[in-house]
Structure formats: C-alpha cells, structure tokens
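Here's a quick walk through one protein model, going from a single residue out to the whole chain. Have the viewer open and follow along.

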Amino acid sequence: MSAMTLQQFLSREVQFGAMDPKLPPVILSITDACKTISHKVRQGALAGVLGMAGTENVQGEDQKKLDVISNDIFVEALCASGQVCGLASEEVPEVISVPADYPIGPYLVAFDPLDGSSNIDINVSIGSIFSITTAVRPKREAVEADFLQPGNRQVCAGYVMYGPQTQLVFTLGKGVLMFTLDPNTGTFVLVQENLRVPAEAKEFAINCSNMRHWEAPVKRYIDELLAGETGPRAKNYNMRWVAAMVAEVHRILQRGGIFMYPRDNRDPKKAGKLRLLYEANPMAFLMENAGGRATNGHMRILDIEPESVHQRVAVFLGASEEVDTVTGYHAQ
C-alpha cells in the first residue's frame, strides 16, 4: 500500500507533464470542501445540521439542512481556488459565476454536493459527486451553454463517500484511484490504484418498488436475474439498494455488479431520475476507466449531448456484460 498523499500524487503528475498545473488547485479545493462536509456529517445532531431546510431544489425535491450547507461549502471552496470560471450545482437552479473578488481559471465544475441526503438522518453512507470540464471560452459570467458538453470531454471526475471511512475516488481519464482520509493528519492517502470492475457480476442494485412502472426491457432483465440458477442466466444474484448513488458505485468498483435507475412510465416527459451532468456523467467516466460500461439503455452516457444543466437520464452502469445485456434488450 502506497503512503503517497493526494498532494504528492498531483505534484508528481504535474512534474511529469501528465496534468495541467491549473487542475490540482481545483481538485484540492473539492477535497477541502469534502473534508469540511465530512466533519459536519460526523457531528450530525451535535452540530444542528440534521433535518429539513424547509426549501426545495430545482427538481422540486425537499432539501435537507446539510444539502444547503454542503452546497455553500463547495461554492466557496471552488471560487477560492482561482482556477474555475463557472459552477453548476444540483441545489441551485441557475449556473453560478465566480464573484469579481476572485480570479478565474479555465475549468467548469458541476457537482452534487450531497448525494443520498435521504440517508442523512439514519446515519447511512452518503457522498459528494463532481465533474470537471474545460471551458471553451473562459469568462467571468458563466452561462448554461458553457456546461452543455458531453461527458467524454471531462478531464476529471469522481466522488467522496462519507461512511465508516471518508474515501475519495476519482479518474483523470487513465485509470481510477482511491484515497482514504487519514483522520490524524487530515490528508487523503492513496490506498488503491487502477481500480477495476470485476468482470463477473453477482449483485444488482435497483429500486424494485418501482417495478410496476418499468419499461418491458427492464422487467425482462430483472425477471431473469431473479430467476437465479433456474433461469436463463443460470446463476444466483443478490440484490442491494442503498439509495445513494455514491455508495452503489463504490460497491461496484470494489465487488462488481450493476446499478440501474431506469426511466419509467410515471412521467413520460422525464428521461430518467438521475441528472446527466453531475451524477451520470462523472460516474460513467469512472466506470469506463475501471473497465465497466455505462448507458442510458440505448447509448453510451458519455456520448449524450446535454440540452440543459439539470437534464435527467436513465442509468445502467457496472460490469460490461450486464450493461451490454440490458442495453441489448432495449434495442430489441
């Protein structure tokens, strides 16, 4: 196990010409924000951060107090990095420009400051998700069009999970790395390089309470998994559902499997539940760099041309064989 810290890793990448020297300040500002959020998550009720905020986000979802607090922490940290020219958050309807008292840089960051916030009050793992792209034309006043780039243009993406350990997982487009926060030193330490999704899946994650609303290809696929060794897949699967995308993806990177959040017939106008720019794209970028796949049931997620910052999308990600199978059923 390497004892290399995140700062040492980023410095090495810059030294060897493998990274733009303006990118590390952005990554480090994100991890600084996540350290602060991690501390507040650990304090919980002692810090008065649990419960509802009494407001809704742009998707009409009730906000937790910690959703709002985490968003403010992210915005402040990223603006202070001096290397961003615009931000997009799940918790804010419009894109965010960098205030005039901060310098700007070439990067745009889209983020979900607190994924799985429904789990906050019951002390189940939650996390933060981020996606970094390069602005086509960096400027002081960010607009929505600046962010409408397909996921294949991401230069860095990942998440921080707040669980028994606080762990950072990210990719620069050449493999996936995992760091663990050392509570004694306050530094992220490299614990695993080149994470790979196990080829053979034994677990699947989906909210089966929505089964009656699914489209036929999803029902067919899940029926085959549930049939186990007596069905066409000829093996048994276990089902998992944490209700936090960070925790689901983290498990797949460690143990394999497939995560699904399909579109359904409750609202035909919505292409799915999860947001493309700051949930599906970063997780798809991670998954592909770990040898897995990610589609919306019809096409590669990273090739989708975004139409709006808060665009929704169906998600199937994880072991290549499983994602290919359920995607193939949609094609049929």
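A polar contact here is a pair of N or O atoms within 3.5 Å; within protein, one of them must be able to donate a hydrogen and the other to accept it. Keep in mind that this is a predicted model.

With that cut-off in hand, look at T295. A polar atom of its side chain sits 3.0 Å from the backbone nitrogen of G297. T295 itself belongs to strand β14, which covers residues 293-295. Is T295 buried or exposed? Its relative accessible area is 9%, and buried means under 20%, so T295 counts as buried.

Who's around it? Leaving out residues up to four places away in sequence, T295 touches R300, I301, A314, V315, F316, V323 and T327.

Now zoom out. The protein is built from eight helices and 16 strands. Its radius of gyration is 19 Å, close to the 20 Å from the globule rule for 332 residues, so the protein is as compact as a globular protein of that length. Buried residues account for 57% of the 332. As for contacts between residues at least 6 apart in sequence, 64% join residues at least 24 apart.

A few whole-protein numbers, side by side:

| Property of the protein | Value |
|---|---|
| Span of the C-alpha trace along the principal axes | about 60 × 45 × 45 Å |
| Distance between the mean positions of the 31 positive and 38 negative charges | 2 Å |

Note on methods:
Residues numbered from 1 in each chain as written. Predicted model: local features only at pLDDT ≥ 70, side-chain atom pairs only at ≥ 80, totals over all residues. Heavy atoms only, no water. Helix = DSSP H or I, 4+ residues; strand = E, 2+ residues; numbered from the N terminus. Buried < 20%, exposed > 50% of the residue type's maximum accessible area, 1.4 Å probe, protein only. Contact = heavy atoms within 4.5 Å. Rg over C-alpha atoms; globule rule 2.2 N^0.38 Å. Lys, Arg positive; Asp, Glu negative; His and termini not counted. Charge placed at Lys NZ, Arg CZ, Asp CG, Glu CD.
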